[in-house]
Amino acid sequence: MDNFEVGIIGAGIVGSFAFNMLTQKGIKVCLMEAGADVCDGGATKANSAIIHAGYDCIPGTKKAFYNVRGNAMYEEIAKRLGEKCYKTGSLVVAGKDGLDGLKELYNRGIANGVPGLKILNKDELKKLEPNLSDDICYGLYAKTAKLVSPYNFAISLCEEAIINGGILKLNYKVDKICKNNGIFEVKSGKNAVFCKYLINCAGAGCAEINKLIGAEKLDITLTKGEYVLLDKTEGSLVSMPIFPLPTAKGKGILVLPTVSGNLLCGPTARDIKTFETSVSPEGVSEIKEKTTPMVSGLNFKKAIKLYAGVRVKCGQDFVIGFSKKVPNFYITAGISSPGLASSPAIAQQIVDDLIKSGLKVRQKTWKLRKPYTNVAGLYKTELNALIEKNSKFGQIICRCEGITEGEIEEVLNGPIKPLTIEGIKRRLRPTMGRCQGSFCTPSLINIVANFYKIDPKDVVFRGKTPLIVSKIKEGGIYEN
Ligand SMILES: Cc1cc2nc3c(=O)[nH]c(=O)nc-3n(C[C@H](O)[C@H](O)[C@H](O)COP(=O)(O)OP(=O)(O)OC[C@H]3O[C@@H](n4cnc5c(N)ncnc54)[C@H](O)[C@@H]3O)c2cc1C
């Protein structure tokens, strides 16, 4: 029987941080995720990836509290995990009439305890960001803003927890929860996990999970954010996230570099009824229209990918804390932006609250996770030595991103074995370059099929999405 002290539902960034931090305390934890991988189904896989400084949250809110604290925690954790975390700073920019708006944000930031804020004039802005448009007159610079890869961060947190004894159950969509004699029985089909404490980190599924256990009713709203991702040739147009002044709908449509060197423009804010991530022509037009007045030289002909993420709100603020109706049931809900920035501090709160309520901690020797080999980042002598040991590190599979067969096999042998092409893509970036997988997908299918000893036809991109539908010619990679 699968007995745990704590069960967590949802392996987004909040669930992953909670999983990692509780495991560090020597607590027996099980993380249950509906998708085939960490961050498969929620907001963490598609967002702006900014660890916001915390100036635009209303003072006194949970958002303000956790954002500023979470921001201060990121760099150290990233260093431990071997994750990218670039302290780029960020800018909110405005035209000649925007100074009052920027001052309001500055004052909120001071009230929230954000260090390193400064209002800059046109000359100072041009020195920092030469490609800002000539109509920009003022800017609020926030020194502590950072960029990360949210899903890579979550995967690394889960991998580290797993090598230290945490249990992750993938393809585990919780569909029934009972409580008998103080123990939760958390079911997915015929499978059951038993735990004393249960934490709801289910993102868009948070209301459903509360309903399954008879906890507080949650009213959630969904807002889609569409993005246009530009090629790496455009990645140095700006060096930090460039925001417009925020509106009632959110932080606005921005331009930013990514940790992988691309340029990202978005997100839109479209209210939707059900969770879906299509990108509309209107969304793309709006992105072009809103970003062009801020940054000169944006070249949308260099777009390589369109995608969207969904913000989940539950009122104006985060919902974080024990249920008042179901003892030992903990709720995180409405974790919209700045949820990524806030997540380590939210997880710390969960740990503190559980310990305060009687959960016992134990001393634990903590093993560090070994980051995956990054062939593109090796010196020639290092690479040659590696190829000498394993020639697959000299076999390029993804030409755009320079990913080798050796690296792919390394992630397939990792603590969480990716079951889909998307799982490999998230960890290593094959199919994420200029050609978006046109060249490397067939080789990836073969590598995965060989690794799992399955028919290439059974290799999926994500979920149940097949990659090979039928044979088109003799000698192709699939013959039936
Ligand atoms: C467009 C956009 C831009 C954003 N930009 C930023 C930003 O720059 N900075 C920032 O700080 N924040 C940003 N955010 C917010 C941030 O992405 C979220 O706050 C954060 O990712 C929420 O993480 P989570 O773990 O709560 O939820 P999620 O990432 O949604 O994870 C929930 C998980 O629960 C799983 N699940 C659901 N139901 C079940 C079930 N029944 N059984 C098992 N598992 C289940 C899902 O599959 C999913 O993997 C943005 C959000 C969006 C949409």
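Which polar side-chain atom lies 3.1 Å from an oxygen atom of the ligand? That atom belongs to N47. This is a predicted model, in which local features need pLDDT of at least 70, side-chain atom pairs count only at pLDDT 80 or more, and totals for chains, interfaces and linings use all residues. Residues are numbered from 1 along each chain as its sequence is written, and side-chain values use heavy atoms, with hydrogens and water left out.

Back to the ligand. H52 places a polar side-chain atom 3.1 Å from a ligand nitrogen atom, and a backbone N or O atom of A34 lies 3.0 Å from a nitrogen atom of the ligand. Polar contacts here are pairs of N or O atoms within 3.5 Å. Taken alone, the ligand exposes 1,000 Å², of which the protein buries 95%; areas are Shrake-Rupley values with a 1.4 Å probe.

The ligand is surrounded by 40 residues, each with a heavy atom within 4 Å of it. The closest are E33, T44, I50, I335 and A341.

Strand 20 runs parallel to strand 12 (residues 191-200), with three bridges joining them; pairing requires at least two DSSP bridges. L198 has F329 as its bridge partner. With strand 19 (residues 319-322) the pairing is antiparallel, over four bridges, and I320 stands opposite T332.

Methods: A polar contact is a pair of N or O atoms within 3.5 Å; within protein, one must be able to donate a hydrogen and the other to accept it, and residues adjacent in sequence count only if both atoms are side-chain atoms. Helices (H or I, at least four residues) and strands (E, at least two) are DSSP runs, numbered from the N terminus.
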